[in-house]
Amino acid sequence: MNFLSPAWLWTLATLLPLAAVYFLKVRPRKKPTNAFFLWEKILAQKQSSALFRRLRDVVSLVLMLLAAGAIAFALGRPQLQQADQRDLLVVLDTSVSMKAGSPSRFSQAKDEARDIVRAMNGSRRVALASLGRELRFETHLSDSPKDLLDSIDSIQASDSGLSHDALASLGGFMSEDSSNRVIFVTDASGDFSSLPSAIEVVVVGEEEGNLGITAADMQWLPGRPNTAAVFLTIGSSFEKDQTVEFEVKNSHTGMIGKLAEITVPPGAGKARVYEIEDVEPGPWQIRLLSEDALEIDNVVDLGLNPSRPIPVQVDADDPFFFQRCIESFSLGGGKLRPGGGKNALVVSVGTVPKERDAIVFAPNGASEFWKSIGDEVIV
């Protein structure tokens, strides 16, 4: 056994003055009296109880000395000798999957970290770190349970996944400094095969099925005025097919552009494309109407910018054909419109405009670009 705070053992010296107090006797003052026969009965009673009184005083003294010794002993913080005296690093997984469950897996991980700190009881130094997109050290090594518990309370789960680079950083830290013991508290939803075997992994939470949007996008359909396409991929951790509804709505107006039912097989899922008509530009949101382990991956916010056709200027002796083609693209909701200016795309016949973006038909003259075009095509 050893003591973490041996200086407090000096408080045992207080036992001496406490014991001295009990051995001090107050001598009564003597006074003459002319009625001694009145005191004889009282003196006889006092003499019969003197032995019990002395025993009571000794027991009281012993109890007081034991209590004072126990207090001094506790202040010295005794510790049984342990085989493993290494400093401890507790790493909390803060990736988005830790938000799943009720109570959340992250809440369970923090409870686990608190139990570890309390079990150490200041007998060993502990440091805290979080692991999400990066490995972040939250505290230095400390033997203060209060400071460590306060730091655990301040750690929050993130909305990002667990980074492979962060896992590599944790593994690298362990290989560089093997004098520390590392405990990684996680839900084990990632691939930890690259971690050194010396890192102790504590798994929290139960396996729960979850649906989540893994990819999404939204864009205008060429040639289809006010019509957009929604690209959507949904992943599933369930073992069987799941049928779920999803909605696509305008975040500003609340207008629902699409409400459909979809069957999602287990695994990463396949990409699907849906058309939505009468669409307005602005912020849009895709939401899975599903109650599963994780809510945050059921919602994706998207933006649909106003359609801005490219202005096209015709530079030809006979521009009629090209102008009619551009107008046709414009009327069909395409990406081209008749126009001019320095930002306009030039459609030219024969000559190559200088310092302008251009589409050149029947080019002539000398140009460095002609060398890589290929053989001439006879129409």
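**Charges, rings and patches**

A salt bridge joins the side chains of arginine 136 and glutamate 138, with N and O 3.9 Å apart. Glutamate 138 has a relative accessible area of 27%, so it is partly exposed. Keep in mind that this is a predicted model.

Now widen the view. Searching the whole structure gives eleven salt bridges. Look at helix H4, residues 105-120, which holds both aspartate 115 and arginine 118. They sit three residues apart, about one turn of the helix. Their side chains meet in a salt bridge, 3.8 Å from N to O. Aspartate 115 is partly exposed, at 45% relative accessibility. Arginine 118 is partly exposed at 48%.

Move on to helix H5, residues 145-154. Here lysine 146 and aspartate 150 are four residues apart, so about one helical turn separates them. They form a salt bridge whose closest N and O atoms are 3.0 Å apart. Lysine 146 is exposed, because its relative accessible area of 57% is over 50%. Aspartate 150, at 40%, counts as partly exposed. Salt bridges can also share partners: Asp111, Arg114 and Asp153 are joined into one network this way.

Next come the aromatic rings. The count is three aromatic pairs, taking rings whose centres lie within 6.5 Å. In one of them, phenylalanine 246 and tyrosine 274 have ring centres 5.0 Å apart and planes at 55°, so the pair is tilted. This pair links distant parts of the chain. Phenylalanine 246 belongs to strand S10 (residues 242-250), and tyrosine 274 to strand S12 (residues 272-276), 28 residues apart. Both phenylalanine 246 and tyrosine 274 are buried.

Phenylalanine 322 and phenylalanine 361 also pair. Their ring centres are 5.1 Å apart and their planes meet at 45°, so this pair is tilted. Phenylalanine 322 is in helix H7 (residues 320-331) and phenylalanine 361 in strand S18 (residues 358-361), so the pair ties together parts 39 residues apart in sequence. Phenylalanine 322 is buried, because its 15% relative accessibility is under 20%. Phenylalanine 361, at 40%, is partly exposed. Ring pairs join Phe321, Phe322 and Phe361 into a cluster.

Val58, Val59, Val62, Leu63 and Leu66 make a nonpolar surface patch of about 460 Å². Valine 59 lies in helix H3, residues 50-75. Valine 59 is partly exposed, with a relative accessible area of 48%. Another patch is negative, formed by Glu206, Glu207, Glu208 and Glu239. Glutamate 208 sits in the loop between strand S7 (200-203) and strand S8 (211-220). With a relative accessible area of 34%, glutamate 208 is partly exposed.

Note on methods
Residues are numbered from 1 along each chain as its sequence is written. This is a predicted model: local features need pLDDT of at least 70, side-chain atom pairs count only at pLDDT 80 or more; totals for chains, interfaces and linings use all residues. Side-chain values use heavy atoms; hydrogens and water are left out. Rings of Phe, Tyr and Trp (its six-membered ring) pair if their centres lie within 6.5 Å; planes under 30 degrees apart count as stacked, over 60 as edge-to-face and the rest as tilted. Helices (H or I, at least four residues) and strands (E, at least two) are DSSP runs, numbered from the N terminus. Buried means under 20% relative accessible area, exposed over 50%, partly exposed in between (1.4 Å probe, protein chains only). Patches are made of residues with over 30% relative accessible area and no salt bridge: like charges are joined within 9 Å, nonpolar side chains (Val, Leu, Ile, Met, Phe, Trp, Tyr) within 5 Å. Accessible areas come from the Shrake-Rupley method with a 1.4 Å probe; for residues, only the protein chains shown count as cover. A salt bridge is a side-chain nitrogen of Lys or Arg within 4 Å of a carboxyl oxygen of Asp or Glu. Lys and Arg count as positive and Asp and Glu as negative; His and the chain ends are not counted. The place of a charge is taken as NZ of Lys, CZ of Arg, CG of Asp or CD of Glu.
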